[in-house]
Amino acid sequence: MRTCWPRASTASAASQGAPRDTDPRSTFSALILLPNGRSGARRPPHAQGNTVSRIQILHAAFPDPTLKPRIERRLTRFLRRLLAGAKKPDALPEVDDAADDDEKDAPGKADLSWSQRQRIARRADRIVACAQRGSPLSLLKPEDRRRLEVLRDGVELVSLPSEHRADEIAAELHARFPWMAPATEQMWHALSHSAQSGEPGVRLPPFLLYGPPGTGKSAWARTLADLIGVPRMVFDATCEGASFGLVGSQRGWGNAAPGRLLNFILAEKVANGLVVVDEVEKAGRVTSIKGQTFALTDALLPLLEPLSAHGWTCPYFELGFDMSWVIWVLTCNDYRTLPDPLLSRCPPIRLAGPTCADLKTFARIEGARRGLSDVSLDAICEALDRAAARGHVPDLRALIRMLDRAQRMERRPPLH
């Protein structure tokens, strides 16, 4: 059944560093009509319904594996004709690679000795080495070239089948996280624009979610990745405050290695995966003995700008990669400590905490997804009502712990 959507007006563009403050109850609402007239959450279709294409993200050409065999065939043909008494060997026609394999069995062709074949192989090796000398990949170690070999045929790029799928994703998100309507509305408009633009894949602007702890910012981002059908990676800025963990370190350092961002793409082979940078305002800053600083927020700046992300250079491989398709979701509790260049790239979206009614709705939906009984869900909702009556509303993190405990209690073996 088609989802009914009231087209809410988009909030005005926020000034640099100012949060986009939107009332989630007044400017954005979603209603999914079920056959019996009730409202609820619709399970998203399988990710296989999305359109998948392939693009190249490495700004360097891989060596042609057929170059040496083609050169050897051409040199072999030249030498055979020369030994057979060809009068004009310099005016040979272009080699037909498909027919060269049978040329050695053709009548009147001179056979080559072992030393002549070895000479041809050495000459072909020198020509191939000269041809590959100008490639940046030739400067890498053999093990590093093997790691990048997975990018030879490109990586996948996930796109939505239609604009209607963007409406379904926004409806599902709003059904689970109604208190995060400002972020859902921004994402909804961005998904719709991506589907209308005809781009080969889903492209979203970076999001900076700002709200109190336990609001569900990271859970919202993980759910968004699952609904779109792209892989996700969570980067905890409190544990890996420097830029090394995300983007990698330059060769020459004792622990030089590529960062988790590139390793994530090499492992998943998807260009527009979703990366969550959790608690970004708590990222630290590392200073070397020479005075160089390596801050996570500084490393994020070129990755959050589409033009610079298209030609982003990996510090470890020293090669260019197209990172403009990566979907970024940054979370923080206080945006005021973040630098202005980062806030200009992704203005913070102000989020309020969930109410008791929001938590009860989330508990019903998430409990049904986990297969919890009505008795457990009623007990959780009753506990939420009692806490609200005492003037304390638990956060989403506490509610998830309650759901986990109920799930463990229902699945424990019976005691005899």
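Is Phe 362 buried or exposed? At 6% relative accessibility, Phe 362 counts as buried. Buried means under 20% relative accessible area, exposed means over 50%, and partly exposed lies in between, with a 1.4 Å probe and protein chains only.

The model is predicted: local features need pLDDT of at least 70, side-chain atom pairs count only at pLDDT 80 or more, and totals for chains, interfaces and linings use all residues. Residues are numbered from 1 along each chain as its sequence is written, and side-chain values use heavy atoms, with hydrogens and water left out.

Six aromatic pairs occur in the structure. Rings of Phe, Tyr and Trp (its six-membered ring) pair if their centres lie within 6.5 Å; planes under 30 degrees apart count as stacked, over 60 as edge-to-face and the rest as tilted. One of the pairs joins Trp 179 and Phe 362. Their centres are 6.2 Å apart, with 70° between the planes, an edge-to-face arrangement. Trp 179 sits in the loop between helix H6 (163-176) and helix H7 (181-197). Phe 362 belongs to helix H14 (residues 356-370), 183 residues apart from Trp 179. Helices (H or I, at least four residues) and strands (E, at least two) are DSSP runs, numbered from the N terminus. Trp 179 is buried, at a relative accessible area of 0%. Ring pairs also bring Phe 177 into a cluster with Trp 179 and Phe 362.

Phe 207 and Trp 220 form another edge-to-face pair, with ring centres 6.3 Å apart and planes at 70°. Phe 207 lies in strand E3 (residues 207-210) and Trp 220 in helix H8 (residues 217-228). Phe 207 is buried at 2% relative accessibility, and Trp 220 is buried at 0%.
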